[in-house]
Amino acid sequence: MPGFRVLIIESDAEEAGRLRDLIRACAYTSPSGCTVPAETWCVDSFAQARSMIGRVAPNLVLFGPASARVATAGELRQLRQQGGLAPIPILFVQDLKSACAGEVPKADCDDIVIKPYNPGLMEMKLASIRRFRDFNRSLITQRDRLRRHHADFLQEQANAREIFGNLGNESCLDDTDAIRYHLSPRAVLNGDLLAATYTPDGKLVLMLADFAGHGLAAAVGAVPLTSIFYSMMPRGFSFSRVLREMNRKLFDLLPRQMFCCLVMLELDPRRNHLRLLNAGMPSPCLVRADGAQELFVSRHLPLGVLADDQVDTAIVNYQVRAGDRLFLWSDGIHEARNLRGEHFGEERLLALLRKGAESGEAPSRELQDFDRILVAVNAHAAEQHDDLSLVELDLSKPSLTKGDCPAVDYSGVRRGGRIGEWSIEICLAQEELREADPLPHLLSVLVQMPGAVRFREDLAIALGELFRNAMEHGVLGLDSSIKNTDEGFVRYYDLLEERRQQLDGGWIRISLRCDDWGGGGELQLQVEDSGSGFPPCTRSGRGVYSGRGLAMLRTVCRNLEFSPGSSLVRAVIAWGDGQPTDGENGGAKTVQTPTVPV
């Protein structure tokens, strides 16, 4: 039990002795039942008291009747300051028989002890001061504990902020001026998450997520989400496969009251194809070049809510045109409140975008729209109640493409270490075609070959195009002419998903053979499917939204061969100098190009 210490200041030694005996007689019984007498020290002057107070750390200072008469307000303040944060009660003894009783500075002391002394009343006063001392000590202990916890919390947040900052190191957000973004967390950590990367075949994938709540609890969900995003997307896993994996991981990890609203989009700049999933986020707005607006409403529950997702049916497909821009935002924009509690709302946002389109201030209009929204939201909001995020993409800017389409190159820039001679052949049956995502696994195997990493992007483009051609047109029997209109473009991808889920037969065989003759070589890709083969050559021009795969293959392949009636396609990626693949043409590009969609 902590002791109780009393410092007595009294110049009259006899009076000081009486006070000491009186205090010692007042036993104190603690809540635990222990009885300990108070410790007392007697000094005869204020100067001695000041020298003692640092060593004794008294719980009470008692001015005897003689000392109380000469004590000043300044001396009392000095005693209190020496006590530090722990307040020291000061009691004065007032002798009612003394002629100078009225000179006691009552306003500067905490209580008065009347002489002649009443032992019972004195015991009550000391017990009250002890309780005050214990209460104050408890407050100081709690204060110190809170300070330690707050310091630990700030350090943890600083560490977490650094970790989360490192998670975005793989982002390509700052690699292009076609993406503008603004992230404003309400707390130290942001519950909103923005990530972007490229797939091996050059598609841009961007994700804007908003976890329920804000601060550390919300931001912690960013770890599994970004981990999946940045590990699977650059390896070429499909858009829907990554979303399913995210939902599964968040459902397993997050507590039931937490979930993640998310918008993720995949933009193929070469095909001008936009795929998007909105899972509980405010509707992104596609602003066409003519000012028309299209909203992508949520068609899926937030991720982490249900174990079984419906990602495939919730993904929408859009054709991108020149001048199209896409705006995404978190609910912090919608729910920004003014002093009257009014939300900023979606209508104000759309009105701002319409105003920008009607003003016709291009080419700087897109800058003004983004800035105009931020200025309007900040002017509307009395204070920030939630994390706030805004993203704008200029969908038709060439800088969104990861480099340009590689030109056919026979000059030997791919010279380097020997790539080696090897061959691989795999055959995918109906089950794998319906459920699996074989390209990332195949690519990951291929890039393990010596030197093959230099062909990673060309391999991804060529394999992707050949596989999609075999899957969509060969196995599933889809006709690219369906995509000749905007409505048909969307219908085409709806049919693709529908037929894939109902697939009950078919196969695709993929063969690769690498020949390296030193200083040059070639990689032969051969893809065959169970379909009825390419249609007869019609010489009709390609459709608005079809036939682009063939042009893309030409940019990365030296040779491309296929014939009407056959379901076999051969493509050759070559590098360096050396033995030509076609003796008659001396290695020149030879493409047999019947106008069939690839």
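Student: Which backbone nitrogen lies 3.4 Å from a polar atom of the side chain of Ser67?

Tutor: This is a predicted model, where local features need pLDDT of at least 70, side-chain atom pairs count only at pLDDT 80 or more, and totals for chains, interfaces and linings use all residues. Residues are numbered from 1 along each chain as its sequence is written, and side-chain values use heavy atoms, leaving out hydrogens and water. At 3.4 Å from the Ser67 side chain lies the backbone nitrogen of Glu10.

Student: Is Ser67 buried or exposed?

Tutor: Ser67 lies in helix 3, residues 65-70. Helices are DSSP runs of H or I with at least four residues, strands runs of E with at least two, numbered from the N terminus. Buried means under 20% relative accessible area, exposed over 50%, partly exposed in between (1.4 Å probe, protein chains only). Ser67 has 6% relative accessibility, so Ser67 is buried.

Student: Which residues is Ser67 in contact with, leaving aside its neighbours within four places in sequence?

Tutor: Contact means heavy atoms within 4.5 Å. With those neighbours set aside, the contacts of Ser67 are Ile9, Glu10 and Ser11.

Student: Is Leu154 buried or partly exposed?

Tutor: Leu154 is found in helix 5, residues 119-167. Its relative accessible area is 43%, so Leu154 is partly exposed.

Student: What share of the residues in the protein chain is buried?

Tutor: The protein chain has 17 helices and 23 strands. It holds 598 residues. The buried share is 49%.

How values were computed
Polar contact = N/O pair within 3.5 Å; in protein donor to acceptor, adjacent residues only side chain to side chain.
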